Amino acid sequence: LSSRRYCWVCFATDEDDATAAWVKPCHCRGTTKWVHQGCIQRWIDEKQKGHAGHAVACPQCNTEYIIVYPNMGPLVVVLDTIDAVIFRVCSFIAAGIVVGSIYCVITTHENDYNRYFCK
């Protein structure tokens, strides 16, 4: 068997980038067990589509990756919480604005109608 490593994301070898960090994130064997640290991070980011809590598994052996995130400072935690709240209430606020606008238009036109035609 070849001792060369191949990144299953970018298909590069040891010789293509001697400084790249290599990892074995799952139970795969052979050439598919190796991947660049940066490549697997980007690949996982793409699979999660902005939802860091979503589970991601190896496409070959179906092993779920264990993702360890660095500790966030208190400011980041507060900002993430605010972002989550805004994301949840944004559609309700938009719906309220639309309903309120329709109400204002209807009541304004009703007052104009009564003023001119109901004397």
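This dialogue walks through several features of a predicted model.

Reader: Which secondary structure elements does the chain have, and in what order do they run?

Author: Start with the inventory and then the order. The secondary structure of this chain comes to 2 helices and 2 strands. Read from the N terminus, the elements run β-β-α-α.

Reader: How much of the chain counts as buried?

Author: Burial is read from relative accessible area, with buried meaning under 20%. Of the 119 residues in the chain, 17% count as buried.

Reader: Where do I look for a nonpolar core, and which residues have the most contacts inside it?

Author: The general idea comes before the case. In soluble globular proteins, nonpolar side chains tend to be buried together. Here the largest nonpolar core has 14 residues, and those with the most contacts inside it are Trp8, Val35, Ile40, Trp43, Ile44 and Tyr65. Helix α1, residues 37–48, gives the most to this core, with 4 residues.

Reader: Taking Trp43 as an example, what is it in contact with beyond its neighbours in sequence?

Author: Set aside the residues within four places in sequence. Trp43 is then in contact with Trp8, Val9, Val56, Ala57, Pro59 and Tyr65. Of these partners, Trp8 and Tyr65 are also listed with Trp43 among the residues with the most contacts inside the core.

Reader: How should I read the largest pocket, and which residues lie nearest its centre?

Author: Take volume, lining and composition in turn. The largest pocket holds about 280 Å³ of space. Its lining has 14 residues, and Gln37, Gln41, Ile44, Ile66 and Ile67 lie nearest the centre. Helix α1 supplies the largest share of that lining, 6 residues. By residue class, the lining divides into 10 nonpolar, 3 polar and 1 charged.

Reader: Is His36 buried or exposed, and what does it touch?

Author: His36 is found in strand β2, residues 35–36. His36 counts as buried because its relative accessibility is 7%, and the cut-off is under 20%. Not counting residues up to four places away in sequence, His36 touches Cys7, Cys10, Ala12, Ala20, Ala21 and Trp22.

Reader: What about Thr13: where does it lie, and is it buried or exposed?

Author: Thr13 lies in the segment before β1, which spans 22–23. With a relative accessible area of 5%, Thr13 is buried. Apart from neighbours within four places, its contacts are Arg4, Arg5, Tyr6 and Trp22.

Reader: Where does UniProt place the transmembrane region?

Author: Separate the annotation from the geometry. An unreviewed UniProt entry places the feature "transmembrane region" at residues 85–106. In the model, the chain over residues 85–106 is 100% helix and 0% strand, with the end C-alpha atoms 32 Å apart.

Technical notes: Residues numbered from 1 in each chain as written. Predicted model: local features only at pLDDT ≥ 70, side-chain atom pairs only at ≥ 80, totals over all residues. Heavy atoms only, no water. Core = buried A, V, L, I, M, F, W, Y, C linked by side-chain atoms within 4.5 Å. Buried < 20%, exposed > 50% of the residue type's maximum accessible area, 1.4 Å probe, protein only. Contact = heavy atoms within 4.5 Å. 1 Å grid on protein atoms, 1.4 Å probe; cavity = no way out; pocket = protein on both sides within 12 Å on 5 of 7 lines; lining within 4 Å. Points joined across faces, edges and corners; volume = space filled by probe spheres on them. Nonpolar A, V, L, I, M, F, W, Y, C, P; charged D, E, K, R; others polar. UniProt positions renumbered as here; feature names shortened; annotations may be inferred.
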